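These are my notebook entries on a structure that I examined entry by entry. The sequence and coordinates come before the notes.

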Amino acid sequence: MSDTRGKTELVDDPGVVSPVGLEPAWRCGKAVAITGHIPFARIDIERDGVVWVSNVRTEPSGARALIELPERLGAGQRLRARQRFGDAVSAWSAAQVVRDSREDYPAGLPQPRISPGPVYRCGAMSGVENILTGSEMVISANGNVVGRQPYADSPTATRISPQYEIGQEVIAWATLCDEQVMSRDYFPEPPPATLPQIEFYPVHEGARTVSMRNILPGARVRLSRNGVALPERPHPGPGWGFGLAEPVTRGETLSATQRLCAGDGSSEPGLTTVLPCSTLPGAGAWPPQRGDTSVRLHTFVPGGRVQVYADGVKIGDGSGPVVQLTRAVRGGETLRVVQKVGDCTSSQILPLDVHCVSPPFAESPAALDLFPVGEMDYDNGDILLTTGFNHRVAGVIRYPGQWDGVDAPFHERLGALVGRAPLAVFVHGRWGHPESYLGYRYIQEQLARMGIVSVSVDCNAADNLRSGDDMLDRSELIFAAIRHMLALDRGEVAGHEALKGKIDFSRTCLFGHSRGGEAVLLAAETVNLPRVKIAGVISLAPVDTSRTSGSPRGFAFMTLLPAADGDVVNNEGAKFYDRAEPSPFKSQVYIHSANHNFFNRTWWRDEGLVSVMDRESHEAILSAYCCAFFRAVQLGHDTLGFLDGRLRPLGVQTTNCHLSFRMARQVVVDDHEAGDGIEVNTLGQPARRLDGDNPGEYSFMQGFEGRYNDSFYHFTRGMVISDKKKVTWRTALGRARSLDGKEIWIRAADVYEKRKRRGSLARFELGLEDSAGNVRWVSSDGVGGLPLPFPLPVYLRADGRLFDKNKTMLKTLRFPAACFGTVRPRRGFDLASVRAILIRVDQPDGRAIAFDDLEIVSPRGAQ
Amino acid sequence: MAKPPKIDAMWPLPNVTGLVIRRATYKPPLKFMIRGKLVDWRKGVEIQVETDGPIPVRALTPALFVGDAELDRVQALAETSHRFFALDESALKAGAPILLGWSGDPPPPEAFEKAKYRYQPPV
């Protein structure tokens, strides 16, 4: 076997198989979950150094294998797992110490949910997720058990007998030790009059798993092979595979029908023909970063096998979506990923470069789902605002409830064991529609599920500009909403006692969109309410009308800026980010292919300047980054990695998200703000070009003197390097510093210039120079790279003016010092003694690159 | 280089059909937030603009451009009637062209040359 270029022979050593992944295990659990195994591999489990379970066979149909244990787990036990395939035995997995769910989930087990939904009459199988592995799972219908798994995984699928009926109340229950939690209630619906036709995903010869779409949850599916029907089987619905006893063969015809109730008939058959080996595609993988011990796939055949090679030597043999490796990957190495289904091997074997920085993926911060959602909407009538106008005080409240629904009691154990929940306030912008404030309920519900109370404020009447200062009105409506929450907390609102004594106002966060994005900053600067402290502010696509100081400080700050915003076309929030003081951090997410409106569910119009992502993708981005912010600021969760670029959220188009981030108390080498010239950096040390005339220091602001060009919408100054000859820039650190464990961060951007043709990406190199004069370089491409400026069309407006809103937007690139070298090596570059940072630009096309905010950062926090 | 295609104004502004410049006194004073401070606005120059249609609702507010000065504090009196407040009267130059636009997005120089209205300081 050789790669696509035929240059590297790949040796499939049968003695090498990947370690498996071992998922978190829980006290009282009766099972553990394994990932990344080869289909049909056998699994061993070790407990406290002794093999406890051996040779358990896995099936090919799922990414996770659930291994039953002889007895329940005890907290503190140390587990490892390995796989056997043929004569090969993998190394043991990383150890998992059995956790006590009461420590990770002090307010109770996560709430299970039936998914995929809905629940249909005659449904004969249900999927359940959001349960801790090894829990017992039961489904009840009107109090009678209709499905049961003595030990379950998440997700799990269970047969339903007797099948669901209309009028039943269906609930999923999870039990672990002496704790039990129930899902919300589900009510079976009548199936559609015509059941949809099943569609097959491509099936390749040798497959033992078939993937299909359009299967209704709980339907009975009958698969036929070459016209011969197999026994009918219930199916949990989309997202689940269909295992086969024998592999399929080339040219074989598969058909499938589904039915729910016996008398209602079946769907039309869906058909496919098994494809030959030669069409099996390669597996797609995200580039790993130096030191990674696994490779994450983004496209692969479910039930397939994936091998990873480095320099022709096999270092991984398992399955998707995460293939564990037999060793850590090295910087600069190129891997090759091979996909196999049965005896077929993918013809495409694509190279995969190991980068210095390629952040790993982790579950979206929005996915934390612990509590039901209580609802409490309010309308307190009009109040007189400072501007002299009346405005309705109304809004929607979501909070962690004991169960889902209106005025549900506050979640009992959360209140008793964890204490008060923090408050988040949502403020919409100017859209002129009375339902604008309802458009963020999807995030409010996510926050409630993780233990945060929120209120979305109705500011609609401020949209009409009648008062003369709608921003002042909006800020006062925010205060009125918080006063209402204070009254609820004091138990002063008759008939609505659920939130009495339940809200912690000292961790309040504000979220504003559009004009609301500036209003929340104004509110944070002027708030004067008892018990209320603003801990964080999020401004989504804000305007800047000079109502505020313009310099957010005293709270954590984040702005999200849609690159295709057709309303706030100047992305004015970038100025707020530039002027914000990290207290303790500030964050910016510049979102390519996003418009202004799709983050609010009631704002239907796509006003984007170009074709944009769908609404669901907008919401996934907002949910992930906002929940990362709220959880870090309000709950103390370790989610800042999503904002500073150490992690990427799963299920989000992260390639469209370009991050800037600064923490307080880091070493700022050069922010170009001092005004004492390009030759002196912020440390007061010399900075100069080593191979020619110095580059320029410019304003990055619209309309300001000394700007580089009109594509900058920032509120900062920086350096621009533009030269067809190589430019090497050196900035001194004053004294030799150890950068062990540190990172070098710099904001940079490919500068938009109207007349320059661009195809390839701009790049530069960052260098470190040690006390002996040794220099090591790392390319910007190796840390995520610089995107092309997001392309917007240039139009001639009716008034004769050129409409060119293409922008140069800085993003933060992280260069971990470990990518440059080691501490006190026997010879060569010494990371313990760095005296200067260098930037090298070699763009023969003379393309300009902008730089700002060069810092030495301690990733663990303040120095 | 090819000529860029034409685009209709994305947020079309109506035509100005009338304009009154006056020095006004406000009792009670108007309330404005300016750079984080609440200001009582008791008197000043205001320009009332009548239009032949409503101004589209969007995040940006309409602004009146008087030469280089941008008046972005606006109060809607009716769908087609707005008054703009000059917070810095000294920035208004006699004879300066007046145009309706969007906050932060001044019209092009050519448009000012063709402006129908000019600023005259009120008595």
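**Conventions.** I worked on a predicted model, in which local features need pLDDT of at least 70 and side-chain atom pairs count only at pLDDT 80 or more, while totals for chains, interfaces and linings use all residues. Residues are numbered from 1 along each chain as its sequence is written, chains are lettered from A and ligands numbered from 1 in the order in which they are written, and side-chain values use heavy atoms, with hydrogens and water left out.

**Chain B.** I looked up the secondary structure of chain B and found one helix and nine strands. Helices (H or I, at least four residues) and strands (E, at least two) are DSSP runs, numbered from the N terminus. Along the sequence of chain B the order is β-β-β-β-β-β-β-β-α-β. I then checked the extent: the C-alpha atoms of chain B fill a box of roughly 55 × 30 × 30 Å along the principal axes. Of the 123 residues of chain B, 52% count as buried. Buried means under 20% relative accessible area, exposed over 50%, and partly exposed in between, with a 1.4 Å probe and protein chains only.

**Helix H5 of chain A.** Is H5(A) largely enclosed or open? Ten of its twelve residues are buried, so H5(A) is largely enclosed by the rest of the structure. Among the buried residues I note Arg515(A) and Glu518(A), together with Val520(A), Leu521(A) and Leu522(A).

**Second largest pocket.** I recorded a volume of about 1,600 Å³ for this pocket. Of its 49 lining residues, the closest to the centre are Gln702(A), Gly703(A), Gly104(B), Asp105(B) and Pro106(B). On a 1 Å grid over the protein atoms alone, a pocket is an open set of points with protein on both sides within 12 Å along at least five of seven lines, a cavity is a set where a 1.4 Å probe fits but cannot get out, and lining residues have an atom within 4 Å of a point. Grid points are joined across faces, edges and corners, and a volume is the space filled by probe spheres set on the points.

Helix H6 (573-579) and strand S53 (802-803) of chain A, with strand S5 (69-71) of chain B, each supply at least two lining residues; S5(B) has the largest share, three residues. By class I found 17 nonpolar, twelve polar and 20 charged residues in the pocket lining. Ala, Val, Leu, Ile, Met, Phe, Trp, Tyr, Cys and Pro count as nonpolar, Asp, Glu, Lys and Arg as charged, and the others, Gly among them, as polar.

**Cavities.** How many cavities of 30 Å³ or more does the structure hold? I found seven. The largest cavity has a volume of about 100 Å³. Of its 14 lining residues, Ala749(A), Pro787(A), Leu788(A), Pro789(A) and Met809(A) are the closest to the centre. Strand S49 (residues 743-750) of chain A gives the most to this lining, three residues. The lining of the largest cavity has nine nonpolar, two polar and three charged residues.

The second largest cavity holds about 60 Å³ of space. Residues lining the second largest cavity include Asp670(A), His672(A), Trp729(A) and Phe851(A). S56(A) provides the largest share of that lining, three residues.

**Backbone exceptions.** Most residues other than glycine have a negative phi, and most peptide bonds are trans. I noted a cis peptide bond between Gly117(A) and Pro118(A), with omega about 0 degrees. The bond from Ser583(A) to Pro584(A) is also cis, with omega near 5 degrees. Pro584(A) sits in the loop between H6 and strand S41 (585-591) of chain A.

Cys28(A) has a positive phi of about 75 degrees and counts as buried at 13% relative accessibility. Asn55(A), in strand S4 (residues 50-57) of chain A, has a positive phi of about 60 degrees and is partly exposed at 41%.
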